[in-house]
Every structure is written in structure tokens, then in C-alpha cells.
Amino acid sequence: MENFRRKSFWLETAGEFKPQQELKGYEKVDIAIIGGGFTGLSTAYHLKKVEPSIDVAILESHICGYGASGRNAGFGMTLFGLTFSLTALRFGKEKALQAHRYMEMAV
């Protein structure tokens with residue numbers, strides 16, 4: 001396997017990695033998620049949080065976080081193009097506060 005840890009800071013600083021067995025053949029699960037990036041992992045996490053007994057499998061061709069989710073420079077934050085003060089100036093303080101709260105929920 002390629003040295004995945006050099007792909008990103010997140011993988012380089014992660015704890016011990018223990019690969020799971022490669023999927024061969026048929027596996028019965030309640031939900032199969034293809035892709036172990038932000039979206040796939042978040043989906044699995046939230047499904048298990050809502051219904052812990054559900055059997056969820058994440059199918060990833062390399063390791064979780066290997067693709068773009070592990071190499072991007074994106075951040076989960078509350079900015080959406082303008083600072084809070086510029087948004088308040090343009091749309092009013094109440095609208096800026098509503099937008100900020102909305103972005104907090106999105107993160």
C-alpha cells in the first residue's frame with residue numbers, strides 16, 4: 001500500500017492505523033455507504049447516533065480520509081464569503097446573526 005500518511009497533515013498526525021480486512025464477496029448490512037470522506041463518515045456517524053443498532057458499512061477503496069477530504073485546505077467554519085461585520089453592514093445585524101447561527105448548525 002502507498003504511504004498514505006504523506007497525503008495530508010490529518011493522516012500524518014493520526015494515531016495508529018489498523019487496516020480492516022478487504023471486502024471479498026457478500027456482506028449483509030442495513031446501510032452501505034460508498035466513500036469514507038467527510039460526507040460518508042458524517043452520514044455513518046449520524047445514522048449510528050440516531051439508531052445505534054443499525055448495521056452500517058463504509059466502503060472505501062484506500063483508507064478513510066484518503067481522497068479529497070483528507071487533502072483539502074477547507075475548514076468547517078461559520079464564514080460564508082464575508083466577515084460578520086461586513087455582513088451586518090450590508091444586511092443588518094439581525095440578518096448577520098441569523099446567517100452566523102445557520103452556519104454554526106451547518107458545521
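Select residues 31-34 and 56-59 first: these are strands E1 and E2, which pair in the parallel sense over four bridges. The model is a predicted one. To look at one of the pairings, pick Ala 32 and its bridge partner in E2, Ala 57.

Move on to Tyr 66, in the loop between E2 and H3. Is Tyr 66 buried or exposed? Its relative accessible area is 10%, under the 20% limit, so Tyr 66 counts as buried. Now select Gly 36 as well and show the C-alpha atoms: Tyr 66 and Gly 36 are 30 residues apart in sequence, and their C-alpha atoms are 7.9 Å apart in space.

Then go to Leu 82, in the loop between helix H3 (68-71) and helix H4 (84-91). Leu 82 counts as partly exposed because its relative accessibility is 34%, a value between the 20% and 50% limits.

Finally, show the whole chain. Its secondary structure comes to five helices and two strands, in the pattern α-β-α-β-α-α-α along the sequence. Of the 107 residues, 18% are buried. The accessible surface comes to about 8800 Å², and carbon and sulfur atoms account for 58% of that. Among contacts between residues at least 6 apart in sequence, 53% join residues at least 24 apart.

Technical notes
Residues numbered from 1 in each chain as written. Predicted model: local features only at pLDDT ≥ 70, side-chain atom pairs only at ≥ 80, totals over all residues. Heavy atoms only, no water. Pairing = 2+ DSSP bridges. Buried < 20%, exposed > 50% of the residue type's maximum accessible area, 1.4 Å probe, protein only. Contact = heavy atoms within 4.5 Å. Areas by Shrake-Rupley, 256 points an atom, 1.4 Å probe, with all protein chains shown as cover.
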